Amino acid sequence: MSTTVPVPSAPDPAGAAPRAGIARRALLRGAGMMGVATATGATLTTAPALAADAPTAVTPDSFTLTADYATDADVVDALVEQAGRASVGEVMDTANHERTPVSGVVGGQRHGFRFASGDENDSDVAPQGITTTRDAVGTTQDGRYDGRQLIAVSFHNSSPKGSRINLIDWDSDHPNRYRRILLVNPTGTPEEPSFEDVPIHVGGIAWYGNLLYVADTGTGMRVFDMTRILTTDTGGDKEQIGRVGDTFYAHQYRYALPQVGTITSHVEGEELVWSTISLDRSSTSIVMTEYRCTDCDYPGGTTRAVRFPFAPDSTRFAATTTATEAFEVPLHNLNGVGSYDGTWWFNSSNSTHQTLYAWSGSGEMTSHDWVNWGESLSYWKDEDGPDLLWSLREETGDRPVFAVAASDYGP
């Protein structure tokens with residue numbers, strides 16, 4: 001690890017428990033007893049934290065975004081009219097995959113679940129990004145969007161090449177189930193609209209209001225509107241996608257979510273690698289970081305982390321947005337980034353790296369034992385218990401989604 005000079009902090013810009021009728025607050029409050037024992041009965045504890053060099057501030061003015069929220073608007077309108085629309089609540093009413101509890105993933109685990117075997121063991125897909133309705137609406141209505149408390153996980157698919165999200169119920173009022181939704185790119189004309197796959201890595205996602213922001217590695221972000229979920233025909237074959245006559249197919253998925261906008265990154269110098277993102281509700285911003293490495297066929301060099309603020313009182317970016325914070329981070333293999341109330345988290349993880357770093361914005365970073373093959377992070381604000389950090393693993397056959405108390409993994 002290279003030596004850097006610590007920088008002063010910069011100001012922030014303006015249950016898996018069984019259902020059985022448990023109330024949401026009881027479910028979350030009682031979860032501190034869950035997930036601390038492994039399958040062999042050993043107890044996992046949070047390892048002593050170690051120090052690491054601090055990130056170095058760089059000029060944020062070098063990083064800008066341009067936003068277009070009207071991408072193919074006429075075609076999307078036509079798709080909604082012709083294919084039909086479903087709300088998030090309606091989608092979850094038809095949830096058809098079971099999640100199951102998991103424990104012993106990491107020290108101090110508070111919650112956790114596994115996907116059904118089709119997602120757990122399929123080597124043609126891999127989970128990547130994570131966000132929740134606590135991102136979307138905060139603590140309003142106990143974190144429920146359209147009456148549901150949900151976790152969303154993005155998957156990239158290699159056969160056929162594309163991407164999707166899984167919406168997972170996390171609420172004792174509903175069954176422990178989830179539903180897959182295919183991400184699609186509108187094509188065709190308003191008279192004959194269609195769509196195609198979105199063949200990107202979906203390394204990070206952030207749900208804010210009605211909008212889902214999805215990292216697009218070489219470009220910036222793609223935007224999807226959670227109020228514009230399409231209903232599609234589950235017939236046909238696995239390869240069929242888009243319009244066939246007057247019928248819309250989505251690889252036998254029942255629902256598809258069309259892209260409605262594009263957020264493009266601009267840098268004075270080397271372009272950013274948009275490996276992962278997450279939402280920071282405390283400063284109404286999105287933070288991103290790069291996956292760079294020294295021993296693989298992927299970009300090398302210095303890792304950067306950047307914060308981009310939303311327009312005031314909006315879930316959208318302005319037409320042009322300038323970053324408010326930017327850092328060179330003395331780490332590699334970053335698959336996850338998080339931020340809240342001045343604290344940053346960086347997940348350095350691959351087959352051998354397994355460290356979660358926390359940083360207060362000044363001084364050294366604190367390192368904590370974490371998981372290998374770890375992916376994105378999402379901060380869960382809770383008024384009735386400890387705030388949480390949600391994360392997940394991508395390794396085929398071992399893909400738990402889990403949460404820890406943010407304070408247990410702080411700087």
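The model is predicted.

User: Why is the pair of F195 and F248 called stacked?
Analyst: The ring centres are 6.2 Å apart and the planes stand at 20°. Centres within 6.5 Å make a pair, and planes under 30 degrees apart count as stacked. So the pair is stacked.

User: What makes this pair a tie between parts of the chain?
Analyst: F195 lies in strand β12 and F248 in strand β18, so the pair ties together parts 53 residues apart in sequence.

User: Why is the pair of F115 and Y178 called edge-to-face?
Analyst: Their planes are at 75°, with the centres 5.4 Å apart. Planes over 60 degrees apart count as edge-to-face. So this pair is edge-to-face. F115 and Y178 are both buried.

User: Which residues join F115 and Y178 in a cluster of ring pairs?
Analyst: F113, F155, W170, W380 and W390.

User: What makes R164 a charge over the ring of F155?
Analyst: The charged end of R164 is 4.4 Å from the ring centre. The distance limit is 6 Å. R164 sits over the ring of F155. Likewise, R99 has its charged end over the ring of F113, 5.7 Å from the centre.

User: Which residues of α2 are buried?
Analyst: V75, V76, A78, L79, V80 and A83. Their cover includes β4, β11 and β12.

Methods:
Residues numbered from 1 in each chain as written. Predicted model: local features only at pLDDT ≥ 70, side-chain atom pairs only at ≥ 80, totals over all residues. Heavy atoms only, no water. Buried < 20%, exposed > 50% of the residue type's maximum accessible area, 1.4 Å probe, protein only. Helix = DSSP H or I, 4+ residues; strand = E, 2+ residues; numbered from the N terminus. Contact = heavy atoms within 4.5 Å. Phe/Tyr/Trp six-rings, centres within 6.5 Å; stacked < 30°, edge-to-face > 60°. Lys NZ or Arg CZ within 6 Å of the ring centre and 35° of its normal.
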